[in-house]
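Open the model in your viewer and keep the sequence panel beside it. The tour goes one selection at a time.

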Amino acid sequence: ATTVGDMLREETSNVSVCADDTLAHALQIMIDAELIVLPVVNESQKIIGNLTLSELLFQVLSKSQESQ
């Protein structure tokens, strides 16, 4: 049977952002790595959450409309 580990892509297995990274930085990483979910890690590299592409785009678009 196929395992979860079999589904992991080697080139994205260590991709993450820190909580204090900018949204623009996170979006660029997601685009470059072709991801729709990006792990968010703390200083110890422990996962503290996940950022989804839809959440990120919602924030970017909300801020864009606020400035109009």
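This is a predicted model: local features need pLDDT of at least 70, side-chain atom pairs count only at pLDDT 80 or more; totals for chains, interfaces and linings use all residues.

Start with F58. Residues are numbered from 1 along each chain as its sequence is written, and side-chain values use heavy atoms, leaving out hydrogens and water.

F58 lies in helix α3. Helices (H or I, at least four residues) and strands (E, at least two) are DSSP runs, numbered from the N terminus.

Now select residues 23-33, helix α2, and residues 53-66, helix α3. They pack at an angle of about 140°, axes 11 Å apart. Axes are lines fitted to C-alpha atoms, for helices over the stretch in contact; angles run from 0 to 180 degrees between N-to-C directions. α2 and α3 are therefore oblique to each other (under 35 degrees is roughly parallel, over 145 roughly antiparallel, 65 to 115 roughly perpendicular, the rest oblique).

Show side chains next. L23, A26, L27 and M30 in α2 meet L53, L56, Q59 and K63 in α3 (contact means heavy atoms within 4.5 Å).

Finish on strands β2 (residues 37-41) and β3 (residues 47-52). They pair in the antiparallel sense over five bridges (pairing takes at least two DSSP bridges). P39 stands opposite N50 in β3. Five residues separate the strands of this hairpin, and Q45 in the turn has a positive phi of about 65°.
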